[in-house]
Amino acid sequence: MLAKRIIPCLDVRDGETVKGVNFVGLQRVGDPVELGRKYADEGADELVYLDISATVEGRQTFAELVARIAREIDIPFTVGGGIASADDAGRLLLAGADKVTVNSAAVRRPELIDEIAGRYGSQFIVVAIDARCNDSGRWVVTTHGGRTPTDRELFAWAREAQERGAGEILFTSMNHDGTKNGYPCETFARLADELSIPIIASGGAGSVEHIAEVLTLGRADAALAASIFHYGEIPIPTLKRALRERAIPVRL
């Protein structure tokens, strides 16, 4: 069985790691390279860096940061935020990123997935999906941090993303994100049934048990989290030892 991956996520604004709720009330939590190196040393399998800067200058700062991360960190890392074309993706891959992730831009223009996968290969593109379960039980794909509903449905959009060339799906349940009450494991299990590409679980982690459940009952291939790592609530070595004790395959 393939080892399950643990992936810290770092939101970056103007070259600094920040944490907030839906990008509001942002607080600086550390230098992106130093924090990434710390997580790598602790046993993180991969890292995700998301550029939440809103300016052109911020994009340039982020590209320069990606090059510094590539020089100084020796585990794979994915970058995203503001990628609207294959050229945007190419600049970040050229700077040293291992993968790129796209979200709202792909919802607006699904051909973006084909273009990036066609130019660089499926292994380089992760499609992030934020969805909210409505009162009728339908999972509605959202954009803008879960605030804007679309006419797309989670499972259909995930299948389309796979068919267009996505190498992985990063799914966040906006119903659970930030609650620290666990993941919708049945939804992740259905995604695993319907897709043949890896699934990364995001949003809802508040305990070791939550992560263990989504990796087993939810059959996710990886778990991504931010706050529990940034604030030392669940150190990566502690998490991995606990998962191993539950017979979940992880790299120690």
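Mentor: Begin with a cut-off: a residue is called buried when its relative accessible area is under 20%, exposed when it is over 50%, and partly exposed in between. Keep in mind that this is a predicted model.

Trainee: Which residues of α10 are buried?

Mentor: The cut-off to apply is a relative accessible area under 20%. In α10, the residues that count as buried are Ile236, Leu239, Lys240, Ala242 and Leu243.

Trainee: What covers the buried residues of α10?

Mentor: Contact here means heavy atoms within 4.5 Å. The elements that cover the buried residues of α10 include β1 (5–13), α1, α8 (208–216) and α9.

Trainee: Which residue just after α10 takes a positive phi?

Mentor: The phi in question is about 65 degrees. The residue just after α10 that takes it is Ala247.

Trainee: How many salt bridges does the count come to?

Mentor: A pair counts when a side-chain nitrogen of Lys or Arg is within 4 Å of a carboxyl oxygen of Asp or Glu. By this rule the count is 22.

Trainee: How many residues apart in sequence are the parts tied together by Glu16 and Arg28?

Mentor: Glu16 and Arg28 form a salt bridge, with the closest N and O atoms 3.1 Å apart. Glu16 belongs to strand β2 (residues 16–21) and Arg28 to strand β3 (residues 24–30), so the pair ties together parts whose separation in sequence is twelve residues.

Trainee: Lys38 and Glu42 are four residues apart in helix α1; what separation is that in helical turns?

Mentor: The side chains of Lys38 and Glu42 meet in a salt bridge of 3.1 Å, N to O. Lys38 is partly exposed at 38% relative accessibility, and Glu42 is partly exposed at 25%. Because Lys38 and Glu42 are four residues apart in helix α1 (residues 32–42), the separation is about one helical turn.

Trainee: How many residues apart are Lys180 and Glu233?

Mentor: Lys180 forms a salt bridge with Glu233, and the closest N and O atoms are 2.8 Å apart. Lys180 sits in the loop between β10 and α7 (185–194), and Glu233 in the loop between α9 (227–230) and α10 (236–245); the pair links distant parts of the chain, 53 residues apart.

Trainee: Which elements give two or more residues to the lining of the largest cavity?

Mentor: The largest cavity has a volume of about 50 Å³. Its lining consists of Ile7, Glu46, Val48, Thr78, Lys99, Thr101, Val126, Glu168, Leu170 and Ile200, which divide into five nonpolar, two polar and three charged. The elements that give two or more residues are β6 (99–102) and β10 (168–173).

Trainee: Which element gives the most to the lining of the second largest pocket?

Mentor: The volume of the second largest pocket is about 240 Å³. Of its 13 lining residues, the closest to the centre are Arg59, Ala63, Asp88, Arg91 and Leu92. At least two lining residues come from each of α2 (56–72) and α3 (86–95). With five residues, the element that gives the most is α2.

Conventions. Residues are numbered from 1 along each chain as its sequence is written. This is a predicted model: local features need pLDDT of at least 70, side-chain atom pairs count only at pLDDT 80 or more; totals for chains, interfaces and linings use all residues. Side-chain values use heavy atoms; hydrogens and water are left out. On a 1 Å grid over the protein atoms alone, a cavity is a set of points where a 1.4 Å probe fits but cannot get out, and a pocket is an open set with protein on both sides within 12 Å along at least five of seven lines; lining residues have an atom within 4 Å of a point. Grid points are joined across faces, edges and corners, and a volume is the space filled by probe spheres set on the points. Ala, Val, Leu, Ile, Met, Phe, Trp, Tyr, Cys and Pro count as nonpolar, Asp, Glu, Lys and Arg as charged, and the others, Gly among them, as polar. Buried means under 20% relative accessible area, exposed over 50%, partly exposed in between (1.4 Å probe, protein chains only).
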